Amino acid sequence: MGGIVGRYYLQRLGGLDRVRRFLTLSSPHGGSWTCLAPMGKGVKQMRRESDFLKDLDADAERLRAVKFSSFYTKRDLMVLPASSSRTRWSLNRVFPVWWHSWMLVDTGVHEAVLEFLGEEEI
């Protein structure tokens with residue numbers, strides 16, 4: 001959900017004026033089928049076709065103002081379908097990682113994050 005919270009900051013709280021790079025790891029930009037259980041507000045907001053995600057998508061092209069990448073794995077069992085991590089406004093990058101939480105500990109992902117954050121602006 002962290003990537004969705006980040007998008008809310010960028011798109012609704014003025015973050016686009018303060019951020020140059022934005023990277024998400026296995027974020028359900030298009031929602032997830034795993035969020036169908038009757039749980040808290042945050043889970044409901046991550047459902048596919050939720051009003052919250054529709055609102056963010058309504059002006060998501062504004063995200064082009066920052067360098068935005070979405071890193072994800074096709075083997076994610078939390079973000080279903082895994083393609084929900086892809087966006088039209090980001091560089092989408094797939095990693096051969098087995099589970100959602102392993103995106104946080106995978107060496108290849110770590111190296112890619114450091115590369116993304118270390119790139120110089122032209």
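Which residues does Asp 59 touch, not counting residues up to four places away in sequence? In this predicted model, Asp 59 touches Gln 11 and Arg 12. Its place is in the loop between helix 3, residues 51–58, and strand 2. Asp 59 counts as buried because its relative accessibility is 17%, and buried means under 20%.

Leu 77 lies in the loop between strand 2, residues 67–72, and strand 3, residues 91–94. Leu 77 has a relative accessibility of 52%, so it counts as exposed; the cut-off for that word is over 50%. Leu 77 also belongs to a nonpolar surface patch of about 680 Å².

I come now to helix 4. This helix has 12 residues, 107–118. At 1.5 Å a residue it should span 16 Å, and its end C-alpha atoms are 16 Å apart, so the two values agree. The expected span is 1.5 Å times one less than the number of residues.

Within helix 4, the residues Val 109, Ala 112, Val 113 and Phe 116 are buried. Seen down the helix axis, the buried residues fall within an arc of 100°, and therefore they line one face of helix 4. Their cover includes strand 1, residues 21–25, together with strand 2 and strand 3. Turned away from that buried side is a face that carries the exposed residues Thr 107, Glu 111 and Leu 114.

Note on methods. Residues numbered from 1 in each chain as written. Predicted model: local features only at pLDDT ≥ 70, side-chain atom pairs only at ≥ 80, totals over all residues. Heavy atoms only, no water. Patch = residues over 30% accessible without salt bridge, like charges linked within 9 Å, V, L, I, M, F, W, Y side chains within 5 Å. Areas by Shrake-Rupley, 256 points an atom, 1.4 Å probe, with all protein chains shown as cover. Salt bridge = Lys/Arg side-chain N within 4 Å of Asp/Glu carboxyl O. Helix = DSSP H or I, 4+ residues; strand = E, 2+ residues; numbered from the N terminus. Buried < 20%, exposed > 50% of the residue type's maximum accessible area, 1.4 Å probe, protein only. Contact = heavy atoms within 4.5 Å. Arc of directions from axis to C-beta.
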